[in-house]
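Please look over the sequence and the structure shown here. The paragraphs that follow go through aromatic rings, backbone angles and the surface.

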Amino acid sequence: MIYFSSFSSCLVKEARKHCTNISKRVAVQFAAVHWDDWGDAFECNGDQWEPESDTPPQSVILLAASVCKRWQSFLTQTPSMWTELQISFKEGAAALEHARKFVQNSGTSLLNITLLWDDPSWIVPISWNDTDIITASSIRSGLKPASRGEIIAGVHLVFVIKELYAHVHRWREFTLRTTSFSHTCQALSSMSLPSVHPACNLEKLHLRFIQNPRHADHLMDEPSLFPGSVPPIRDLLLFGISWTWPSSHMFSSHLSDLRIHYDDYCTDIPEDTETWPNRAKNISQLLGALVNLRTLTLELELPSYDDTMSIELPNLHSLAIKSRSMASWTANFLHSVKMPNLRILTLCVASLEKENSVEGVFEELATLTDPDEYDPDEDDSSSYLLELDELHLINFSHQERPGFIHRLFVQMAVVETLTLGPRADGDNVALAMALLPTPYGLPDLAFPNLRTLVAFDVPKNVMRHIVLERMSLAGPLEELYYQYGQQDESVQDDWQHGVEKYHRIDYMDCERVQDFVDKRWSYLT
């Protein structure tokens with residue numbers, strides 16, 4: 001008992017020390033560039049993502065096992081302590097032995113695996129100037145040859161995955177983060193080989209090919225991931241990787257959380273592969289099978305979306321769409337996908353262009369939220385009234401029809417949280433003005449049940465009018481998260497008492513859609 005107590009105490013100390021180091025690294029990363037940043041703002045700023053640490057992640061269990069032979073003997077006989085495996089390319093040839101040790105010592109326990117092959121020097125940059133036209137051919141011709149270090153790291157990655165893939169039936173979670181196109185294809189191909197064991201316990205699969213304009217496409221004659229398996233995946237993330245890499249069986253009723261980020265613009269697509277319209281049709285067919293999907297994030301570039309491809313997502317609770325080409329396809333998507341239980345909608349235009357027309361998106365929202373368009377007695381089960389609890393609009397521009405926008409916001413009577421996110425031109429006045437009361441009183445008030453307002457790029461004098469004038473009709477806001485630039489001394493500070501909790505927040509440079517939903521930002525005094 002004394003031995004076990006001493007061991008436990010020391011292990012806890014090591015774990016706390018390790019967690020502290022992780023927290024410090026995460027804090028540094030949060031203040032810098034994130035692994036999943038993308039869009040015009042990120043590319044034009046020329047920022048580069050940096051890894052969390054200059055040293056390989058150290059496993060607490062391996063450190064503890066190296067203390068003495070008694071500890072090593074105890075730990076190697078406790079399989080449940082060897083289930084969290086994280087390996088970095090920085091371990092070099094030792095990465096394979098690291099994997100083997102965990103596979104052996106974990107016995108039959110399920111594994112949570114994270115592989116970090118994410119050296120920033122392997123990222124292919126985009127060079128922008130006034131004459132550049134970025135195309136698939138220009139990216140392809142500008143690819144620098146792989147360095148010796150990148151080639152060797154790819155060999156190590158293949159060896160590690162083959163070692164782990166032999167035990168794929170014990171995978172519970174698998175995360176791969178890469179910055180090299182060749183490493184990504186090597187890894188995905190290794191996981192597309194036939195296996196003696198099916199991936200029967202895999203619940204979380206995150207594949208992240210980050211910070212590259214060329215994404216990992218999938219050819220029609222290539223095998224899909226985990227052939228012969230129907231893994232019960234609940235959480236699937238495909239970042240920089242085509243949604244055709246997984247087989248259709250992986251898009252099953254088990255799936256509850258799905259995020260896809262994929263853009264063919266700078267990707268070399270052979271002539272015999274699917275055309276864009278077929279790709280839109282393909283993703284529609286995949287989504288149609290996800291009857292239990294609760295959260296969906298689509299970061300896609302599509303020239304169009306056929307609104308005749310009607311599907312139903314009866315349990316979808318949260319939808320986020322981030323796209324440069326939102327005007328081309330999002331309105332039709334909202335029209336054709338029936339989401340009767342949708343409560344959180346986040347829309348982000350990922351472009352610095354000042355004129356981003358979202359007229360069609362607003363018109364479709366007006367139809368979906370119009371009580372006169374909904375007949376509860378209609379035989380059509382797909383007919384529904386969209387009743388959102390949260391609406392997050394990021395980088396939206398709409399100047400043409402202020403009266404139409406006001407009527408739309410009046411229809412959204414149950415919205416409690418509204419975000420007017422950062423604008424490319426720093427001007428959110430048009431949307432903010434729609435929140436002001438009209439002479440018709442409460443029946444004509446936009447968002448009458450609004451409790452939380454998040455506002456960027458709204459002048460201080462406009463915000464003062466919104467807070468004070470709404471308070472007389474609907475009572476004070478419960479929370480206001482507000483970002484503004486230069487201090488305007490001419491505007492009185494008598495309006496902040498009109499909210500129960502007031503927070504001044506800092507500007508956010510990149511369009512990180514989930515950060516707005518989860519309120520992850522810096523606070524100012």
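The charged end of which residue sits over the ring of Phe 181? The charged end is that of Arg 214, 3.8 Å from the centre of the ring. A charge is taken to sit over a ring if NZ of Lys or CZ of Arg is within 6 Å of the ring centre and within 35 degrees of the ring normal.

This is a predicted model, in which local features need pLDDT of at least 70 and side-chain atom pairs count only at pLDDT 80 or more, while totals for chains, interfaces and linings use all residues. Residues are numbered from 1 along each chain as its sequence is written, and side-chain values use heavy atoms, with hydrogens and water left out.

Aromatic pairs come next. The structure holds 17 aromatic pairs. Rings of Phe, Tyr and Trp (its six-membered ring) pair if their centres lie within 6.5 Å; planes under 30 degrees apart count as stacked, over 60 as edge-to-face and the rest as tilted. One of the pairs is formed by Phe 409 and Phe 447, which is tilted, with 4.6 Å from centre to centre and 35 degrees between the planes. Phe 409 lies in helix α12 (residues 402–411) and Phe 447 in the loop between α13 (429–433) and β14 (452–456), so this pair ties together parts that are 38 residues apart in sequence. Helices (H or I, at least four residues) and strands (E, at least two) are DSSP runs, numbered from the N terminus. Phe 409 counts as buried because its relative accessibility is 0%, and Phe 447 is buried with a relative accessible area of 0%. Buried means under 20% relative accessible area, exposed over 50%, and partly exposed in between (1.4 Å probe, protein chains only).

The rings of Tyr 482 and Tyr 484 also form a tilted pair, with centres 4.9 Å apart and planes at 35 degrees. Tyr 482 is buried at 0% relative accessible area, and Tyr 484 counts as buried at 10%. Arg 504 lies over the face of Tyr 484, at 4.3 Å from the ring centre.

Ring pairs also link Tyr 165, Trp 171, Phe 174 and Phe 226 into a cluster. Not counting residues up to four places away in sequence, Phe 174 touches Ile 113, Leu 115, Met 191, Leu 202, Lys 204, Leu 205, His 206 and Leu 207. Contact here means heavy atoms within 4.5 Å. Phe 174 and Glu 203 are 29 residues apart in sequence, and their C-alpha atoms are 8.6 Å apart in space.

Phe 226 is found in the loop between β4 (204–209) and β5 (235–239) and is buried, with a relative accessible area of 2%. Its phi is near 50 degrees, a positive value in a residue other than glycine. Asp 457 has a positive phi too, near 60 degrees. Asp 457 has its place in the loop between β14 and α14 (460–474) and counts as buried at 14% relative accessibility.

The surface comes last. Ile 151, Val 155 and Phe 159 make a nonpolar surface patch of about 280 Å². Patches are made of residues with over 30% relative accessible area and no salt bridge, where like charges are joined within 9 Å and nonpolar side chains (Val, Leu, Ile, Met, Phe, Trp, Tyr) within 5 Å. A salt bridge is a side-chain nitrogen of Lys or Arg within 4 Å of a carboxyl oxygen of Asp or Glu. Val 155 is found in helix α7 (residues 148–165) and counts as partly exposed because its relative accessibility is 39%.

Methods. Areas by Shrake-Rupley, 256 points an atom, 1.4 Å probe, with all protein chains shown as cover.
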